[in-house]
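Let's take a walk through this fold together.

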Amino acid sequence: MAGDTKELSTSESLRETRTYGQCRCHKPSCMERLKPEPEQQQVKCPECGMEYRVFWMRPDFPRLRGPVWEANRKLAEDILQKQEEGK
């Protein structure tokens, strides 16, 4: 087995599954993949509606910096209002 070069190591097999240009929603109950357009400064999760600020490490490599507080505060207030109306 030592001479078998067709088997990939764990890190080599994981390298093939990496997705560049995408990041995940930071909300633990969501974790949806987000794909911001190049040089886009904000991205909104299509699943939960949270908005995040985007930092570009390279033109094809985005990272989420943090939430957009104004948009997410309004989202949280709307959810709270719906919950109070239901009671």
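**A walk through the model**

Two salt bridges turn up in this structure, a salt bridge being a side-chain nitrogen of Lys or Arg within 4 Å of a carboxyl oxygen of Asp or Glu. Before going on, keep in mind that this is a predicted model, where local features need pLDDT of at least 70, side-chain atom pairs count only at pLDDT 80 or more, and totals for chains, interfaces and linings use all residues. Residues are numbered from 1 along each chain as its sequence is written, and side-chain values use heavy atoms, with hydrogens and water left out.

Now to the pairs themselves. Side chains of opposite charge can pair when their charged atoms come close. Aspartate 60 bridges to arginine 58, with 3.2 Å between the closest N and O atoms. Aspartate 60 is partly exposed at 40% relative accessibility, and arginine 58 is partly exposed at 42%. (Buried means under 20% relative accessible area, exposed over 50%, and partly exposed in between, with a 1.4 Å probe and protein chains only.) The other pair is lysine 74 with aspartate 78, at 3.3 Å from N to O. Helices and strands here are DSSP runs (H or I, at least four residues, for helices; E, at least two, for strands), numbered from the N terminus.

Next, the sheet. Strands of a sheet pair through backbone hydrogen bonds, either parallel or antiparallel. Here three strands make an open, antiparallel sheet in the order β3-β4-β5, where two strands count as paired if DSSP finds at least two bridges between them. β3 and β5 are the edge strands, each pairing on one side only. From one strand to the next, the twist averages 40 degrees, taken between axes that are lines fitted to C-alpha atoms (for helices over the stretch in contact), with angles running from 0 to 180 degrees between N-to-C directions. β3 and β4 are joined by three bridges, and lysine 44 has glutamate 51 in β4 as its bridge partner. β4 and β5 (residues 61–67) pair over six bridges, and they form a hairpin with two residues between them. Across that pairing, phenylalanine 55 stands opposite arginine 63 in β5.

What lies in the loop between β3 (42–44) and β4? Methionine 50 does. Methionine 50 is buried, with 18% relative accessible area. Leaving aside neighbours within four places in sequence, methionine 50 is in contact (heavy atoms within 4.5 Å) with Lys27, Val43, Lys44, Cys45, Asn72 and Leu75. Its C-alpha atom is 9.5 Å from that of alanine 76, 26 residues away along the chain.

Methionine 50 also belongs to the largest nonpolar core, a set of 12 residues that includes Leu34, Trp56 and Leu64. Such a core is made of buried Ala, Val, Leu, Ile, Met, Phe, Trp, Tyr and Cys residues joined through side-chain atoms within 4.5 Å. Strand β4 (residues 51–58) gives the largest share, three residues.

Among the core residues are Cys23, Cys25 and Cys48, yet the structure holds zero disulfides, a disulfide being a pair of cysteine sulfur atoms within 2.5 Å. The cysteine sulfur nearest to that of cysteine 23 belongs to cysteine 25, 9.5 Å away. Cysteine 25 has its closest cysteine sulfur in cysteine 48, at 3.7 Å, which is too far for a bond. Cysteine 23 is buried at 9% relative accessibility, and cysteine 25 is buried at 1%.
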